[in-house]
Amino acid sequence: MKRILIIGATSAIAAACARLWAGEGASFFLVARHAEKLASLASDLDVRGASAVATFIMDANDTASHDAMLEQAFARELDIALIAHGTLSDQAACEQDAALTLREFTTNALSVIALLTELASRFERQRAGALAVITSVAGDRGRPGNYVYGAAKAAVSTFCEGLRARLFRSGVSLTDIRPGFVDTPMTRGLALPRLLTSAPETVARRIKSGVERKADVLYVPFFWFPIMALIRHLPRAIFKRMRL
Ligand SMILES: NC(=O)c1ccc[n+]([C@@H]2O[C@H](COP(=O)([O-])OP(=O)(O)OC[C@H]3O[C@@H](n4cnc5c(N)ncnc54)[C@H](OP(=O)(O)O)[C@@H]3O)[C@@H](O)[C@H]2O)c1
């Protein structure tokens, strides 16, 4: 039976992953900021076969509360910790408002880096376990349309690159999950290309298997790997002229 901590558990992608693990009888420590949504997810996982579900209400930006949450979550050893929370920044609004830009960076990068720092030490002491964090393909290259969000995700990915090498010696894995377009509340109302947009259930299957086989970097779905390889290799002189 896997023991799983999910931060940002009410995210559509995280909830879809949790439903798959619940079907295998996993036990959960779920963290999210909205009590009602969290309670509803907890009872859904219960019905689907979870062996135990504990919940904790926390705003990830309230770093002072991280320690209390982790103390409870690590009352027993954990097998998997998944960090999923995030906000899709309003790029145009951020361009006019430095405080908003910093708030977005706090949610998408600083709070995640704070959590990874604490989780890494605890997993290192266990000398086992799988850490995973949802970043984004948006972190692969700064685009004019979403470079605030992209820069925050890139910061987490770069942090993960170094942290993964540190954790490797302790037998702890760190999976950097980079989804492309996924149909979730975060992207509702956006005109996404239908052929490139996936359901949360589809990406959840790949995330679950990737985390369990301790993948380093996971593009989800896989077709985003060649797409982003192409985008990463576009010469800057061309890239800066594109309206992406
Ligand atoms: N959807 C996509 O196309 C896409 C693509 C690439 C990467 N991602 C990433 O995938 C992850 C999951 O997103 P999703 O697509 O599943 O969207 P979602 O359903 O909107 O989930 C976002 C989650 O983040 C939570 N959250 C936001 N700020 C928080 C805070 N300060 N403290 C605690 N929780 C907070 C939200 O909580 P509330 O419900 O309480 O607001 C919500 O549960 C995010 O990291 C996102 O950046 C998504």
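# Chat on a predicted model: sheet, core and ligand shell

Colleague: Which residue of strand 2 is the bridge partner of Ile7?

Modeller: Val31 is the bridge partner of Ile7 in strand 2. This is a predicted model, by the way.

Colleague: How many bridges join strand 1 and strand 2, and in which sense do they pair?

Modeller: Five bridges, and the pairing of strand 1 with strand 2 (residues 27-32) is parallel.

Colleague: How much of strand 1 is buried?

Modeller: Strand 1 (residues 3-7) has four of its five residues buried, so call it mostly covered.

Colleague: What is the strand order in the open sheet?

Modeller: The order is 3-2-1-4-5-6-9, seven strands with parallel pairing. The edges are strand 3 (52-57) and strand 9 (217-220), each of which pairs on one side only. From one strand to the next, the twist averages 15 degrees.

Colleague: Next, strand 6. What does strand 6 pair with on the strand 5 side, and over how many bridges?

Modeller: Strand 5 and strand 6 are parallel and share five bridges.

Colleague: Is strand 6 enclosed or open to the outside?

Modeller: Largely enclosed by the rest of the structure, because seven of its seven residues are buried.

Colleague: Which residues sit on which face of strand 6?

Modeller: Ser173, Thr175, Ile177 and Pro179 are on one side, with Leu174, Asp176 and Arg178 on the other, and all of these are buried. In a regular strand, side chains alternate between the two faces of the sheet.

Colleague: What does Cys160 touch, leaving aside its neighbours within four places in sequence?

Modeller: Cys160 is in contact with Val133, Leu174 and Asp176. Cys160 itself lies in helix 6 (residues 147-168).

Colleague: Why does Cys160 count as buried?

Modeller: Because 24 other C-beta atoms lie within 10 Å of Cys160, and the cut-off for buried is 20 or more.

Colleague: How far is Cys160 from Ala42, C-alpha to C-alpha?

Modeller: The separation is 29 Å, with the two residues 118 places apart along the chain.

Colleague: Changing topic, which residues touch the most other members of the largest nonpolar core?

Modeller: Ile6, Ala9, Ala18, Phe28 and Leu30, out of 68 residues in that core. Helix 1 (residues 12-22) gives the largest share of this core, eight residues.

Colleague: What does Phe28 touch, not counting residues up to four places away in sequence?

Modeller: Phe28 touches Ile4, Ile6, Ala18, Leu45, Ala50, Val53 and Ala54.

Colleague: Now the ligand. How many residues surround the ligand, and which are the closest?

Modeller: There are 26, and the closest are Ser11, Ala60, Gly86, Thr184 and Met186. Helix 1 and strand 7 (181-182) are the elements that give two or more residues to the shell.

Colleague: What is the shell around the ligand like by class?

Modeller: Eleven residues of the shell are nonpolar, twelve are polar and three are charged.

Colleague: Backbone checks next. Which peptide bond is cis?

Modeller: The one from Val220 to Pro221, with omega near -15 degrees. Pro221 is in the loop between strand 9 and helix 8 (224-233).

Colleague: What about the phi of Arg127?

Modeller: Arg127 has a positive phi of about 60 degrees although it is not a glycine. Its place is the loop between helix 5 (98-126) and strand 5 (130-134). Arg127 counts as exposed because it has 10 C-beta neighbours inside 10 Å.

Colleague: And the phi of Lys214?

Modeller: Lys214, not a glycine, also has a positive phi, of about 60 degrees. The loop that holds Lys214 runs between helix 7 (200-212) and strand 9. Lys214 is partly exposed, because it has 15 other C-beta atoms within 10 Å.

Colleague: Last one. Is Ile238 buried or exposed?

Modeller: Exposed, because Ile238 has 8 C-beta neighbours inside 10 Å. The cut-off for exposed is 12 or fewer. Ile238 lies in helix 9 (residues 236-239), and its C-alpha atom is separated by 24 Å from that of Arg178, 60 residues apart along the chain.

Definitions and conventions
Residues are numbered from 1 along each chain as its sequence is written. This is a predicted model: local features need pLDDT of at least 70, side-chain atom pairs count only at pLDDT 80 or more; totals for chains, interfaces and linings use all residues. Two strands pair if DSSP finds at least two bridges between them. Axes are lines fitted to C-alpha atoms, for helices over the stretch in contact, and angles run from 0 to 180 degrees between N-to-C directions. A nonpolar core is a set of buried Ala, Val, Leu, Ile, Met, Phe, Trp, Tyr and Cys residues joined through C-beta atoms within 7 Å. Two residues are in contact if their C-beta atoms, placed from the backbone, lie within 7 Å. A residue is near a molecule or strand if its C-beta atom, placed from the backbone, lies within 6 Å of it. Ala, Val, Leu, Ile, Met, Phe, Trp, Tyr, Cys and Pro count as nonpolar, Asp, Glu, Lys and Arg as charged, and the others, Gly among them, as polar.
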